[in-house]
Amino acid sequence: MSRRSITFTINGEKKTFEIEPGEKLAKLLRRKGYVGVKEGCDEGTCGACTVIIDGHAVFSCILHAFLADGRDVRTIESIGDFDNPHPLQAALVEEGAVQCGYCIPGMIMSAEALMQEMSNPTDDDIRTRMDGNLCRCTGYEKIWAAVKKVAQTNKS
Amino acid sequence: MKLTDFRAARNLAEARAILKELGPVGLPMAGGTSLVFTSEKDERVAVDINRAVPAGIARENGSYRVGPTTRLAALQMFRGDGWVLDRVAVRLATQQIRNMSTIGGNISRVFPWADFPVALLALNAAMVIAGDAERTLNADEFFDGQPARLFQPGELLMAVKVPALTAGQGFGYRKQTQTSAGFSLMTAAVFVEADGNAVKTARVAIGAGVPFPGRATGVEDLLKGRKASEAAFREAAGKGLAELKFKGGDGMSEEYIGHLAAVLVGDALNEAWVAAKGGAA
């Protein structure tokens, strides 16, 4: 099986990667140091691996890496850090929405994609758009409250 | 399926040429989500058709012409007169999957739990296949077995034509799952056209709890010309499905799935009738 190269924009930077034909995007990203992309179920169920491609949240664990060729990919590494947290990250902390934290990068990427598409999402929009992100700690309410808080801030 | 290589097609002509060259080994791919459910024993070369095959939804006379690489999320978000597939899309899997999967992928290889074949059968949609020549197949022909049988190397699905519902017509849709994002245990889709207080036409389709999605013509026949009522819908669903063979599994008996089908078809008929009479459904 021969390795092939693909080129895409990752967190604003155009890069070329050598991949195996069947390699999934999550494996490639983690292999290249984007370890904020979490591997959970590895079958497109849990959402921990969520990244944004061309503005849409997708499961990188089942997306074939070659389908990212020429596209714009964002991972949690583009969002914020400890010293300069993104409003979503700050709101999650303020609402006490993070326990073990493994699902949170995926949650943030789904919420970020939602915010980019809808300036004023309803509760139903938030729940529908984040229905692919599982959390086994929190019971979701505080996560949704944090997203709602940021949405309301953006609106005002 | 195990991918041994991949190719990217820049346009339709290139996609067709690559697929012809590859023959049966070639695998058109847009979202790629269905590969999760296939065997690794089968070696294939993927052909990225995202830049070759249309995406988008456009009104075309009395129908909506949907490009096969249209993501299910786009179907979910689209609003238009007589457009009903948003209700099917929003119940399918999760947002991330809806952002990846395409309508073409959902209907070209039909898995037992597939939702769109059921809805398209009820709506009497048409599928356009293009190769050296173009042909249009109605849903009954397209889903009379695995649609993959219809495609020769180099042929691709180019459009799904979905009738836009008009006054006096209604669509009902019911899907039973164990979890909100779970696979369907039973799916029912119904189209009805009213003639006053009677049913002029009904198209009823079911999937998931049967060997392959298909029309429930027994229910349709019992409803044709009949005065509409919830009791009539329940009776037609019960009697019209009685002879069908249902699939059990996951702790559910064939009898239970059959009962579930009758309940869901009855519910979908009620929903469709309310819509046909100008209600909210």
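I'll start with one pair of residues: the side chains of A:D131 and B:R98 form a salt bridge, with N to O at 3.0 Å. Keep in mind that this is a predicted model. In total, two salt bridges are counted between chain B and chain A. The elements of chain B that each put two or more residues on the side touching chain A are β1 (2–8), β3 (43–48), α2 (72–77) and α4 (95–100). Of these, α4(B) provides the largest share, six residues. By residue class, that side of chain B splits into 12 nonpolar, 10 polar and five charged.

Now the whole interface between the chains. How many residues of each chain are in contact? On chain B there are 27, and they meet 30 residues of chain A. As for polar contacts, 11 residue pairs are found across the interface of chain B and chain A, with both residues at pLDDT 80 or more.

Next, the inside of chain B. The domain assignment gives domain 1, residues 57–163, and domain 2, residues 169–276. The centres of these two domains of chain B, taken over C-alpha atoms, are separated by 21 Å. Domain 1 of chain B brings 23 residues to the contact and domain 2 of chain B brings 25. The buried area here is about 2,000 Å², with 62% from carbon and sulfur atoms.

Which side chains form a salt bridge in chain B? B:R215 and B:D140 do, at 2.8 Å from N to O. The count between domain 1 and domain 2 of chain B is four salt bridges. Polar contacts between these two domains of chain B come to nine residue pairs, again with both residues at pLDDT 80 or more. The most come from α6(B), with six residues. That side of domain 1 of chain B consists of 15 nonpolar, four polar and four charged residues.

Last, chain A. It is divided into domain 1, residues 4–78, and domain 2, residues 87–155. The C-alpha centres of the two domains of chain A lie 21 Å apart. In the contact there are 17 residues from domain 1 of chain A and 13 from domain 2 of chain A. About 1,200 Å² is buried between these domains of chain A, carbon and sulfur atoms giving 63% of the area. In domain 1 of chain A, the residues that lose the most area to domain 2 are A:T50, A:I52 and A:I76, together 34% of what that side buries.

One salt bridge is counted between the domains of chain A. A:E112 forms a salt bridge with A:R74, where the closest N and O atoms are 3.2 Å apart. Five residue pairs are in polar contact between domain 1 and domain 2 of chain A, both residues at pLDDT 80 or more. Strands β3 (50–53) and β4 (56–59) of chain A each supply at least two residues to the domain 1 side, and β4(A) gives the most, with three residues. The domain 1 side in chain A divides into six nonpolar, eight polar and three charged residues.

Conventions. Residues are numbered from 1 along each chain as its sequence is written. Chains are lettered from A and ligands numbered from 1 in the order in which they are written. This is a predicted model: local features need pLDDT of at least 70, side-chain atom pairs count only at pLDDT 80 or more; totals for chains, interfaces and linings use all residues. Side-chain values use heavy atoms; hydrogens and water are left out. Contact means heavy atoms within 4.5 Å. A polar contact is a pair of N or O atoms within 3.5 Å; within protein, one must be able to donate a hydrogen and the other to accept it, and residues adjacent in sequence count only if both atoms are side-chain atoms. Helices (H or I, at least four residues) and strands (E, at least two) are DSSP runs, numbered from the N terminus. Ala, Val, Leu, Ile, Met, Phe, Trp, Tyr, Cys and Pro count as nonpolar, Asp, Glu, Lys and Arg as charged, and the others, Gly among them, as polar. Domain bounds come from an automatic or database domain assignment. Buried area is the accessible area (1.4 Å probe) that two parts lose on being put together, summed over both.
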